[in-house]
Amino acid sequence: ELYFRDGGKITDPLVALSLPASIDQAAESAGVHVDPGALVDALRTRLATAPGAAWVVECAGGLLVPVDAATDQADVLLHVVRDVVLVARSGLGTLNHTLLTVEALARRRFRLRGVVLVGERHAANERTLGRRLAVPILSLPPLASLDATALDAWLAANDVTELLP
């Protein structure tokens with residue numbers, strides 16, 4: 001599922017498939033094909049509804065998850081955005097996962113604006129990433145509920161201006 005958030009409102013997903021798997025596998029299981037070009041067009045249309053807004057675009061499963069046999073989520077995003085904030089888990093495994101994703105972003109010439117680590121605070125991982133990456137590293141603790149109100153409260157309590165283009 002790809003979600004877009006603007007002004008405290010979470011919009012409907014562009015793609016929703018029932019199998020919790022990569023887009024290509026879930027689409028195959030459902031007997032459908034997800035057209036990457038249609039995703040690009042839909043993403044552009046959605047972002048154009050609030051051109052000056054900062055959007056949260058969730059690429060379910062990760063940057064390199066396949067959309068079809070030849071296209072991954074990074075390919076779709078690359079047609080629409082250049083500045084990204086990477087959201088990663090905070091705990092065990094995040095150093096490798098985050099640094100590999102940062103390499104993939106750099107290879108595709110995305111501009112990394114920052115990293116948000118989600119989960120229980122892990123100060124050592126924050127320090128390590130802070131030493132290796134020349135971008136802000138923020139921590140988002142587990143929220144009581146994952147909704148616009150909780151996310152807006154976190155945003156109000158944290159200076160995210162450095163993350164914005």
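Tutor: Helix H3 (73–78) is part of what covers the buried residues of H1, where helices are DSSP runs (H or I, at least four residues) and strands are E runs of at least two, numbered from the N terminus. This is a predicted model, with local features needing pLDDT of at least 70, side-chain atom pairs counting only at pLDDT 80 or more, and totals for chains, interfaces and linings using all residues. Residues are numbered from 1 along each chain as its sequence is written, and side-chain values use heavy atoms, leaving out hydrogens and water.

Student: Which residues of H1 are buried?

Tutor: In H1 (residues 23–30), Ile-23, Ala-26 and Ala-27 are buried (under 20% relative accessible area; exposed is over 50%, partly exposed in between, with a 1.4 Å probe and protein chains only). They sit on the same side of H1, because their arc around the axis is only 100°, taken from the directions from the helix axis to the C-beta atoms.

Student: And what's exposed on the other side of H1?

Tutor: Glu-28 and Ser-29. After H1 comes Gly-31, with a positive phi near 75°.

Student: Switching to the sheet: what's the strand order?

Tutor: E4-E5-E6, an open sheet of 3 strands with parallel pairing; a pair needs at least two DSSP bridges.

Student: Which strands stand at the edges?

Tutor: E4 (83–89) and E6 (137–140), each with a single partner strand, so one side of each lacks a neighbour in the sheet.

Student: How many bridges join E4 to E5?

Tutor: 7, with E5 spanning residues 111–118. Arg-89 is opposite Val-118 in E5.

Technical notes: Contact = heavy atoms within 4.5 Å.
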